[in-house]
Amino acid sequence: MGVGSVATRMLGDFGAEVIKIENRRRIDRPRLLPIYKGEVRNYGEEIADADPNRGGLHNNYSRNKLGITVDMKTRRGRELVDALIAASSVVTENFAPGVMERWGLTYERLDELSPGVIYGRMSGFGHSGPHAHFKSYGPIVQAVSGLSFISGLPGREPSGWGLSYMDNQAAYYNSAALMMAILRRHKTGQGAEVDVSATEVGISMIGPDMLDVSVNDAVTRRPDFPRGNRLDDPQAAPHGVYPCAGEDRWVAIAVFDDADWERFVQAIGEPDWARDPRFATQALRHQHQDELDEHVSTWTRHRSPRAAMELLQAAGVAAGAAQNAEDVNEHDPQLAARGTFFELDHPVIGTARFEGSPIRFSRTVQHTWRSAPLLGEDNHYVFGELLGLPQEEIAELEAEGVI
């Protein structure tokens with residue numbers, strides 16, 4: 001759902017001509033997931049008869065792409081895809097393992113159709129090894145790689161990682177791998193098969209914990225670990241996320257030494273409890289974190305996250321508002337200055353907000369030329385202008401349900 005779409009979107013943002021192939025008989029799932037405007041649904045709540053052109057996830061994943069439809073169950077559809085591959089220099093796929101092989105679209109076949117082709121394969125476990133045939137989504141990858149197990153609070157069950165985080169993280173590896181293969185082709189003239197395993201990307205993210213386990217014989221889940229918001233090395237206190245005014249509003253505060261503590265105490269008005277002997281040194285504050293956190297929470301509960309953050313930051317104390325979606329989209333001054341979010345017009349949903357690329361170059365700029373394609377929107381351009389089919393034949397293919 002996400003790995004292939006996000007990887008190619010990143011390339012499309014900077015000028016690659018990306019053609020997304022879909023099947024009208026089996027709508028791409030992101031088209032059926034929550035929309036941008038109007039109806040509110042939980043993420044992952046799919047509606048079978050949803051308008052495929054309103055899908056928020058699809059419209060986010062597929063901007064700056066062309067979109068065509070092909071039924072690969074038909075002989076003519078297979079021929080059209082072969083012709084499109086022959087006209088392309090890079091082919092990517094994000095299917096469940098085995099789908100491309102059943103169509104005969106191996107790397108060897110693709111290289112016959114388009115000599116020097118780069119074939120990007122994006123799956124949960126990679127296309128070799130005993131688990132190569134396993135299907136997966138982001139939450140499966142997160143669990144198998146160990147990320148879910150080491151998340152959460154001490155003494156509690158693992159909380160897991162919200163959303164399909166590894167879909168996006170693995171996508172970055174995929175786009176980088178495709179660019180490396182293109183660079184190699186420029187130097188050698190040779191194509192390549194690129195096989196990225198999202199699970200292995202996840203494993204690469206738990207290096208510090210793997211080192212702790214192997215060197216210190218530690219375990220990644222015990223009554224005092226994961227530590228949650230607390231920090232033992234160095235001994236920081238107060239160190240956590242504290243409740244603020246409003247529903248589910250929070251601010252993060254981190255005090256690392258006695259100098260930090262004095263600045264913190266002055267910023268909050270030098271309350272009497274701050275001179276309690278239990279809080280006289282950093283070691284004592286760390287030892288009595290439960291009591292300290294109660295006092296800090298009493299102070300934060302009367303302030304908004306941003307007000308608490310700005311007051312503490314002005315005093316030189318490390319603090320940050322825990323932002324919700326509205327904060328990130330509409331109020332974060334750093335993201336606004338960077339132009340992280342921008343608006344695009346869409347023929348069905350109207351003007352909608354998108355996140356841009358997190359990359360800035362001195363000369364190359366993101367070219368956002370349009371929103372995600374409507375289902376089959378570019379059939380006439382791709383099959384007509386790129387592949388040279390006459391308009392009469394394209395009309396026949398549409399009538400027959402091939403495209």
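Predicted model: local features only at pLDDT ≥ 70, side-chain atom pairs only at ≥ 80, totals over all residues.

Colleague: Okay, which domains does the assignment give?
Modeller: The domain assignment gives domain 1 as 3-204 + 338-400, and domain 2 as 238-322.

Colleague: And how far apart do their centres lie?
Modeller: The C-alpha centres of domain 1 and domain 2 are 45 Å apart.

Colleague: On to packing. Which residues touch the most other members of the largest nonpolar core?
Modeller: I118 and V194 do, in a core of 25 residues. The elements giving it two or more residues are α1 (3-13), α2 (56-61), β4 (118-123), α7 (165-188), β5 (192-197) and α8 (198-203). Of these, α7 gives the largest share, with 7 residues.

Colleague: What does V194 touch?
Modeller: Leaving out residues up to four places away in sequence, V194 touches I118, Y119, G120, R121, A177 and A181. There's also another core lying apart from that one, with 24 residues, including V81, V117, L387 and I403.

Colleague: Switching to strands: how do β6 and β7 run?
Modeller: Antiparallel, with 5 bridges joining β6 (residues 239-243) to β7 (residues 250-254). P243 sits opposite W250 in β7.

Colleague: What about the hairpin between β6 and β7?
Modeller: That hairpin has 6 residues between the strands, and G246 takes a positive phi near 100°.

Colleague: Which strand does β7 also pair with?
Modeller: β7 pairs with β8 (residues 318-322), again in the antiparallel sense and over 5 bridges. There, I253 stands opposite A319 in β8.

Note on methods:
Residues numbered from 1 in each chain as written. Heavy atoms only, no water. Domains from an automatic or database assignment. Core = buried A, V, L, I, M, F, W, Y, C linked by side-chain atoms within 4.5 Å. Buried < 20%, exposed > 50% of the residue type's maximum accessible area, 1.4 Å probe, protein only. Helix = DSSP H or I, 4+ residues; strand = E, 2+ residues; numbered from the N terminus. Contact = heavy atoms within 4.5 Å. Pairing = 2+ DSSP bridges.
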